[in-house]
Amino acid sequence: MKDIFNLDTYDYYLPEEAIAQYPLAKRDEAKLLVYNKTNKTIEHKHFYDIIDYLSAGDVLVINNTKVIPARLYGTKVSTGAKIEILLLKRLNYTDWEILMKPGKRAKVGTVVSFGEELELEVLETKEDGNKIVRFKFEGVFENILERLGEMPLPHYIKKKLENNSDYQTVYAKYGGSSAAPTAGLHFTDELLAKIKQKGIKVVEVLLHVGLGTFRPVNETNILDHKMHSEHIEISQEACDIINEAKSQGKRIIAVGTTSIRTLESSVDNNGKLIPTKKETDIFIYPGYKFKIVDAVITNFHLPKSTLIMLICAFCGIDETLNFYNEAVKNNYRFFSFGDACFLY
């Protein structure tokens, strides 16, 4: 019997060349591994085949967050030292929680300049090393960020992005994420139109993806891992559509782990989805009972990550590691720009 609390339980072998370094030219031509939980069967398809696995009345839940160019390069005003920052969470109009590199010597009061348009002052250093900072600027912050910032690709992607839109879903609306909800990168406008024409309802929720998604789990006992909180929102309209579908026995299909976390964080004691606007630090691992989500579209996740733990909770540990190993054998592309799976 596997120890569900031991970090090593969630490890698997992945050759480095399996990590996708760039997006495909046609998003929906990615490979799609289809796993049936009941029959424990695996099929190998392409993402555009997803429509064959969706039925009229199903609800497809997508995360409409937008990635901001959250990586900035500046200089420490007092010394001229080079500083790199990553925006994590907006606290108000001027204040953010950020990751600063190098950050150990950046005490309260440290000022970093990003040119004539923008500078920040360190207000606080948190226990985890993140900084709370206040930006000083004139004009619209988002416009300045578009000019000065870079898209914050994960560390395992070594190639520079040619087009910022490659790291954005086609339905991205509300800026605030420091990473893309990558399962959604496979959808095209045309594929979404076909899905809607088939009678599948597409519902939008919001989760601004923070760095916690990519933070490695360093604790041997996964229960000792501290999840970082992320902002989520679900409207009354979205809740009504999903609750009605559930009452009729239709499936709720979450696109990505961000949609799963949003939905499962917003359930009342009667199992009904309720309108939400809050922070969530939900940690889903084996033993968790899913209340809303019936099926999942997701990418392949890092070994020993909280995201693979979530998938193990949905499919079973042995089952998940088995189809991950099958994906490796069949030359699937892994992680952010990689291939997808449909789990039902």
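Visitor: Leaving aside neighbours within four places in sequence, what is I242 in contact with?

Guide: I242 touches V59, V61, V203, I252, L263, L273 and I292, where contact means heavy atoms within 4.5 Å. This is a predicted model, in which local features need pLDDT of at least 70, side-chain atom pairs count only at pLDDT 80 or more, and totals for chains, interfaces and linings use all residues. Residues are numbered from 1 along each chain as its sequence is written, and side-chain values use heavy atoms, with hydrogens and water left out.

Visitor: How do you know that there are zero disulfides?

Guide: A disulfide is a pair of cysteine sulfur atoms within 2.5 Å, and a search of the whole structure finds none. Take C315: its closest cysteine sulfur, in C341, is 7.7 Å away, so the two are too far apart for a bond.

Visitor: Why is C341 called buried?

Guide: Buried means under 20% relative accessible area, exposed over 50%, and partly exposed in between, using a 1.4 Å probe and protein chains only. C341 has a relative accessible area of 1%, so the word buried applies. C315, at 9%, is buried too.

Visitor: How do you know that the span of helix α6 is close to the expected one?

Guide: The expected span is 1.5 Å times one less than the number of residues. Helix α6 (residues 317-329) has 13 residues and reaches 18 Å from its first C-alpha to its last, close to the 18 Å expected. Helices (H or I, at least four residues) and strands (E, at least two) are DSSP runs, numbered from the N terminus.

Visitor: Which residues of α6 are buried?

Guide: They are I317, E319, T320, L321, F323, Y324, A327 and V328.
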